[in-house]
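Please take a moment to look over the sequence and the model shown below before reading on.

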Amino acid sequence: MTTHAPQAAQTVVLPDSLDEAVAALTAMPAAVPVAGGTDLMAAVNAGLLRPSALVGLGRISELRGWHYQDGAALLGSGLTHARIGRPDFAALIPALAAAARAAGPPQVRNAGTLGGNIASADRTGDALPVLAALDATVVIAETTGGHREIPVSHLLAGVEMLRPGELVAFVRAPLLHAPQVFLKATGRTGPGRAVASVALVLDPAHRSVRCAVGAVAPTPLRPMEAEQWVAGLMDWDGHRGLPPEALAAFGEYVAAACIPDPPPAAEGEEPPRLPAAALHLRRTVSALARRALGRALS
Ligand SMILES: Cc1cc2nc3c(=O)[nH]c(=O)nc-3n(C[C@H](O)[C@H](O)[C@H](O)COP(=O)(O)OP(=O)(O)OC[C@H]3O[C@@H](n4cnc5c(N)ncnc54)[C@H](O)[C@@H]3O)c2cc1C
């Protein structure tokens, strides 16, 4: 269906299927896909973007649910934060549900989608550290009608890009059946963008702890040495937790990996110090990582 809304965009196309959406984007190279519009329309309203055509993804029902495949969940990119935050989804991927519940005020959560969060790739995107900790992949609908699958982290880091006309179709996330935690610091009370966030998942089958820190860098950071260190301390066969000192040491390890000390001074120079704001951020990350691990093990 095509309508005309001259003030916003010359053409608005509302396809009913993924194939139609990709075909529309291919036919109109200047067209921009729009899902919930929470990021895109903010950019339009701020005068930063003037798309001549929009391809709305809101009618594509295959993108609004999820299904299971080989022990993983294939999540439609059109799932809204509100839907992901509901209890049935939280039983599957608790950390993603917790991130979705923290993603802005209710009106944003009702419209904003998982795919939009990924495609916007904002450093404060709450789903992003969770997807990084899960080692999730994205299934991209290609203009040829085929699909390719790449790690979310590659897309976020720009190692691989969405090509013109392509869409984020699904996210493949493992079902780990183990505790997961997402925690976010906003620097204010109530909903707000993350100053720092931590996603932590336990993967008992691989005896691994995976942790990603959001908002402190352009893309989520994985402190892999800290992950391996703490996984080595864990009692995977029993139910013993870790002592408070180990939780605190993990927090410090994660924080120092994500916000490192400045390089050592040259001879005769004063040793460089971490600026106060960076020191504060490091303490915040340390506290989030310590609490996340403590909650996962409690
Ligand atoms: C007031 C406010 C508060 C917010 N607070 C938070 C917050 O706390 N945490 C948080 O994470 N986010 C927050 N957001 C950001 C926003 O809600 C999310 O990033 C949301 O997930 C974006 O999804 P969307 O469907 O609205 O994307 P849209 O605005 O529709 O699209 C965003 C971008 O992604 C592209 N795109 C959309 N879907 C696809 C797709 N399937 N394939 C390829 N490209 C696509 C669009 O072309 C556009 O470039 C906030 C936004 C607002 C306005």
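Which exposed residues are carried by the face of α10 that is turned away from its buried side? In this predicted model, that face carries M224, E225, Q228 and G232.

Helix α10 runs over residues 224-233, and its buried residues are A226, E227 and V230. As for their partners, the buried residues of α10 pack against β12 (208-214), α11 (244-258) and α12 (276-297).

We turn next to the ligand. There are 31 residues around the ligand, and of these G36, G104, G112, G115 and G116 come nearest. Several elements, namely β3 (31-34), α2 (40-45), α6 (106-111), α7 (114-120) and β9 (167-174), each supply at least two residues of this shell, and α7 gives the most, with 5 residues. The table sorts the residues of the shell by class.

| Class in the shell around the ligand | Number of residues |
|---|---|
| Nonpolar | 14 residues |
| Polar | 13 residues |

The domain assignment divides the protein chain into domain 1 (2-56), domain 2 (61-174) and domain 3 (180-297). The shell around the ligand draws at least three residues from each of domain 1 and domain 2. When the centres are taken over C-alpha atoms, domain 1 and domain 3 are separated by 39 Å.

D70 lies in the loop between β5 (66-69) and β6 (72-76). Is D70 buried or exposed? D70 counts as exposed because it has 7 C-beta neighbours inside 10 Å, and a residue is exposed if that count is 12 or fewer. Although D70 and R86 are 16 residues apart along the chain, their C-alpha atoms are separated by 23 Å.

Finally, the confidence of the prediction deserves attention. The mean pLDDT of the protein chain is 94, and 97% of its residues reach 70 or more. Over residues 1-6, however, pLDDT stays under 50, and for this stretch the model has 7 contacts beyond four places in sequence.

Notes:
Residues numbered from 1 in each chain as written. Predicted model: local features only at pLDDT ≥ 70, side-chain atom pairs only at ≥ 80, totals over all residues. Buried ≥ 20, exposed ≤ 12 C-beta atoms within 10 Å, placed from the backbone. Helix = DSSP H or I, 4+ residues; strand = E, 2+ residues; numbered from the N terminus. Contact = placed C-beta atoms within 7 Å. Near = placed C-beta within 6 Å. Nonpolar A, V, L, I, M, F, W, Y, C, P; charged D, E, K, R; others polar. Domains from an automatic or database assignment. pLDDT = per-residue confidence, 0-100.
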